[in-house]
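The entries follow in the order in which I worked.

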Amino acid sequence: MSLSFSSNPRQDRASVADRAAILANPGFGDHFSDHMVLAKWSQDEGWHDAEVTAFGPIQMSPAAAVLHYAQEIFEGMKAYRHADGSVWTFRPEANAARFARSAKRLALPVLPEEDFVDSLKALVQTDIDWVPEAADGAETSLYLRPFMFASEAFLGVRPSKEVTYCVIASPAGSYFPGGVKPVSLWISNDYARAGEGGTGAAKCGGNYASSLAGQLEGIAAGCDQAVFLDSSTHTYIEELGGMNLFFVYKDGRIVTPELTGTILEGVTRSSILELAKDLGLEPQERRIPIQEWKDGAESGEITEIFACGTAAVITPVGELKWDGGSCDHRVEGHRDEIAMKIRKTLLDIQYGRTEDTHGWMTRLA
Ligand SMILES: *Cc1c(COP(=O)(O)O)cnc(C)c1O
């Protein structure tokens, strides 16, 4: 039986003026809508007490297992306003399926796909005024963050018998307010984000915690972000802390590291693999040695490199730096033509500006 989300709307919603001020300049992850979804799971009762309620602090014991052993997973998606006022999201069944895979890896209970999608509908229908208006070429959205954590007060080490599911929503502006700008990347020598048999393929907070030191190392070296290599041989390209990577070759191949268990399977990544075929490119998933990046940049075989994920959609990559060297595939007059074409195609589908031939969009409100 599917969960039903009871509605407990608050009386003290943000005023029209306060909300308008936030939506005029939302940034990313700084502001939150009026409500959130909460649901509980226990070993005895399964999923229960699902509701939409006021956004606010969550009471928990200092002994809650998540605070000690990091039994937590999350998702990230967006609600997009279309020109007719309706609100949609992109491939939520893919996020639901990934949330279920992450849950299994972290020994958390699975939330059925239907309940996952219903929770998004319940929140967005309540807070529909928080979804930014459609505008020509707009990239604003209401970012949705579903997550689940071990809430049992217990310090022994075993899967929690009590779990909390929550969805919060945060209005998001354009990822690149000043226009799309390439990021520089740092190859971390000392740190990996994931190891064989570990949690790299699950979307869990722990992976992010382990990527931060490498990220700081990159920033200290003057780069925007770190790129992680496989932790066993330090030979193959994996991904960034929160984005997958693609390489475009002169001959029309578009290559992304194959899923070896240590890479997060991005919904954007799989959508780009599909769209590439529509654009007459030849998508490939395989292991890519880091040397191939350096050589391809030097020889001109690699013409474009980009990172992808829900938040930024597609971000062109520029310079690559490491301890003792650097390379850059961009030559005079470089344009990220394919990256920007795929980016526009994805955005046009998400904002309903072109026909959704793949059946990727789901209406939320
Ligand atoms: C979320 C995430 C991505 C991007 O996934 P999308 O589904 O495309 O948003 C890539 N890598 C990591 C490590 C992630 O956590």
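The largest cavity, I note, has a volume of about 110 Å³, where a cavity is a set of points, on a 1 Å grid over the protein atoms alone, at which a 1.4 Å probe fits but cannot get out, and a volume is the space filled by probe spheres set on points joined across faces, edges and corners. This is a predicted model, in which local features need pLDDT of at least 70 and side-chain atom pairs count only at pLDDT 80 or more, while totals for chains, interfaces and linings use all residues. Residues are numbered from 1 along each chain as its sequence is written, and side-chain values use heavy atoms, with hydrogens and water left out.

I counted three cavities of 30 Å³ or more in the structure.

For the largest cavity I listed the lining residues (those with an atom within 4 Å of a point), which are M77, K78, Y80, T89, F90, N95, V267, T268, G309, T310, V313 and Q350. Taking helices (H or I, at least four residues) and strands (E, at least two) as DSSP runs numbered from the N terminus, I found that β5 (77-81), β6 (87-90) and α6 (267-278) each supply at least two residues of this lining, with the largest share, three residues, coming from β5. Because domain 1 (6-174) and domain 2 (183-350) both give residues to the lining, the largest cavity lies between them; the domain bounds come from an automatic or database domain assignment.

I then turned to the second largest cavity, which has a volume of about 70 Å³ and is lined by residues including F28, E139, Y175, R343 and Y351. β5 and α8 (337-350) are the elements that give two or more residues to this lining. The second largest cavity also lies between domain 1 and domain 2, since both give residues to its lining.

Among the polar contacts (pairs of N or O atoms within 3.5 Å), I noted a ligand nitrogen 2.6 Å from an N or O atom in the side chain of E239, and a ligand oxygen 2.8 Å from a backbone N or O atom of V267. The protein covers 97% of the 380 Å² of accessible area that the ligand has on its own, by the Shrake-Rupley method with a 1.4 Å probe.

Note on methods: On a 1 Å grid over the protein atoms alone, a cavity is a set of points where a 1.4 Å probe fits but cannot get out, and a pocket is an open set with protein on both sides within 12 Å along at least five of seven lines; lining residues have an atom within 4 Å of a point. A polar contact is a pair of N or O atoms within 3.5 Å; within protein, one must be able to donate a hydrogen and the other to accept it, and residues adjacent in sequence count only if both atoms are side-chain atoms.
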